[in-house]
Amino acid sequence: MTNQGYSTLLTRRRFAQLTGMAAGSALLGAASGVAAPPDVALEIAPYTLEASPKHHIRTVAYNGQVPGPLLRMRQGQEQTVEVRNLTSDPEVVHWHGLFLPSEIDGAMEEGTPMIAPRASARYTFKPDPPGFRWFHTHTFAGKDLGKAQYGGQHGFLMIEPRENAGRYDREVFLGLHDWGGHMFGADDGSMNPVYDVSTINGKMLGAGDPVRVKQGERVLMHVLNSSPTEVHWIALAGHSFHVVALDGNLVPQPRTVPMLRLAPAERVTTVVEMNAPGVWVLGEVRKHVQAAGMGIVIEYGGATGEPVWKQPNDLVWDYRQFAASGETNQSGDEVIRIDLAFDSKFQGHGNEELWRINGKSYPQTDEPILKTGQRYRLVLKNLSADDHPMHLHRHTFEVRKLEGTSEMHGLRKDVVLVPSKSTADVEFIADNPGRTLFHCHQQDHMDRGFMMVFRYA
């Protein structure tokens, strides 16, 4: 893997071209003539997932599988993607982590047209930046905890760099997801989702095929948390993880850690040295979540016996260990600060609270205006009792400061978990004109107003 770029390759002219393509191609199939076959075809349709022989989940999926197909694209090489919606609801596909025009990024709040039931849309773009991205639906669920991100519309997206200097023997993609959600009242009267089933790659522990490895292999594991709302802690019994990238971007300080923490929408890329022959469990550290199914068997060639799990003692994770210390803005360019405070408004006992940014819920939230080429610092103040995975569309940001710590640099992500009653500072360069969505990646929080849109001047 080579160092992922931080700036977009889209020129203003190319932006205008892509915008025009999106506007034209969003009229499904109504175009005359016969179009060339797309590079990628996605079909959104009802699907029954067999998470285990005893657990069958009716959902919606891409191409009849959960997770959806692994898509590999080459950085900067033009791709044509056709999406066909065979459901009874309008749909949209968000290309999470890519630098795309608003009209095809996949969020209706940015102006991406929805795909009507029984219709199709065709998009053409040059994927950038390189690294581990993903694609998923970006619709409203409300009280239906089987729709939108609660369902099966998520898939892996790997943007191959122009040159790949990584040293590993094989790649494994692992997707974490929770199913069967229902609302549960907390002691403070608020309502939050809880789940009956948890899976890795759509299967409960023991129901799917094991990941088969050989002694001495270096396995590059790409782990995605596609859960609608849950943070997950993952360990591999008998092994450790050498983390090399977060959200698809190489980290300044790769570290070897005993477990991984992934908030909703986060990705971790890690090298695992296969040096402990046996049959092991890779799974959720919290016992009740693993008992709900979140685990997968790692099996060495020639090994037999029941899978072994070793319970870690502590939950340990810190973004700072992967960053470099000190300042990064060597040029001394002006950085404009934007303060964003998060809280909730109680709606009455047993009701879902309303989420707010600076005292306002979407669509009444402010729309800060960005200037192309300007560097901005978002000061994210979490005043609430919940942790929030905050996602910025169409850009990569740099995590600069966490509560009570000194400045750091080099840690580039598109999702950052802001713990309860804490502050996190992130910086980005406004280098991709168009409406840009910023939101908490918990489906229930988005549905209750936890979103805002940045506009370019």
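**Worked exercises on loops, sheet, cores and rings**

Asp247 is found in the loop that runs between strand E16 (241-246) and strand E17 (249-257), where strands (E, at least two residues) and helices (H or I, at least four residues) are DSSP runs numbered from the N terminus. The model is a predicted one, in which local features need pLDDT of at least 70 and side-chain atom pairs count only at pLDDT 80 or more, while totals for chains, interfaces and linings use all residues. Residues are numbered from 1 along each chain as its sequence is written, and side-chain values use heavy atoms, with hydrogens and water left out.

**Exercise 1.** Find the phi of Asp247 and of Ala265, and decide whether each residue is buried or exposed.

*Solution.* Now turn to Asp247, whose phi is near 55°, a positive value in a residue other than glycine. Next take Ala265, which sits in the loop between strand E18 (260-262) and strand E19 (267-273) and has a positive phi of about 80°, although it is not a glycine. For the last step, recall that buried means under 20% relative accessible area and exposed over 50%, with partly exposed in between (1.4 Å probe, protein chains only). Asp247 has 0% relative accessibility and therefore counts as buried, and Ala265 is buried because its relative accessible area is 0%.

**Exercise 2.** Which residues does the cis peptide bond with omega of about -10° join, and in which loop is Pro363 placed?

*Solution.* First, the bond with omega of about -10° joins Val66 and Pro67 in the cis form, and Pro67 has its place in the loop between E2 and strand E3 (71-74). Second, the peptide bond from Tyr362 to Pro363 is also cis, with omega near 15°, and Pro363 belongs to the loop between strand E24 (354-357) and strand E25 (369-370).

**Exercise 3.** Work out the strand order of the open sheet of four strands, and name its edge strands.

*Solution.* Two strands pair if DSSP finds at least two bridges between them. Reading across the open sheet, the order is E2-E1-E4-E6, with mixed pairing. The edge strands, each of which pairs on one side only, are strand E2 (55-62) and strand E6 (120-125). From one strand to the next the twist averages 25°, with axes being lines fitted to C-alpha atoms (for helices over the stretch in contact) and angles running from 0 to 180 degrees between N-to-C directions. Looking at one pairing in detail, strand E4 (residues 79-85) and E6 run in the antiparallel sense over six bridges, and Thr80 stands opposite Thr124 in E6.

**Exercise 4.** How many residues has the largest nonpolar core, and which strand gives the most to it?

*Solution.* A nonpolar core is a set of buried Ala, Val, Leu, Ile, Met, Phe, Trp, Tyr and Cys residues joined through side-chain atoms within 4.5 Å. The largest one has 68 residues, and those with the most contacts inside it include Met221, Trp317 and Leu380. Strand E15 (residues 232-236) gives the most to this core, namely four residues. Another core lies apart from it, with 21 residues, among them Leu42, Leu71, Ile104 and Ala119.

**Exercise 5.** Which kind of aromatic pair does Phe132 form with Phe156, and which kind with Phe173?

*Solution.* Rings of Phe, Tyr and Trp (its six-membered ring) pair if their centres lie within 6.5 Å; planes under 30 degrees apart count as stacked, over 60 as edge-to-face and the rest as tilted. By this rule there are 12 aromatic pairs. Phe132 and Phe156 lie 6.2 Å centre to centre with 40° between the planes, a tilted pair. Phe132 is in strand E7 (residues 131-137) and Phe156 in strand E8 (residues 154-160), so this pair ties together parts that are 24 residues apart in sequence. The rings of Phe132 and Phe173 have centres 5.7 Å apart and planes at 70°, so that pair is edge-to-face.

**Exercise 6.** Where does His441 lie, and which residues does His441 touch?

*Solution.* His441 lies in the loop between strand E33 (436-440) and helix H4 (443-447), and counts as buried because its relative accessibility is 4%. Leaving out residues up to four places away in sequence, the residues that His441 touches (heavy atoms within 4.5 Å) include His96, His136, Ala265 and His391.
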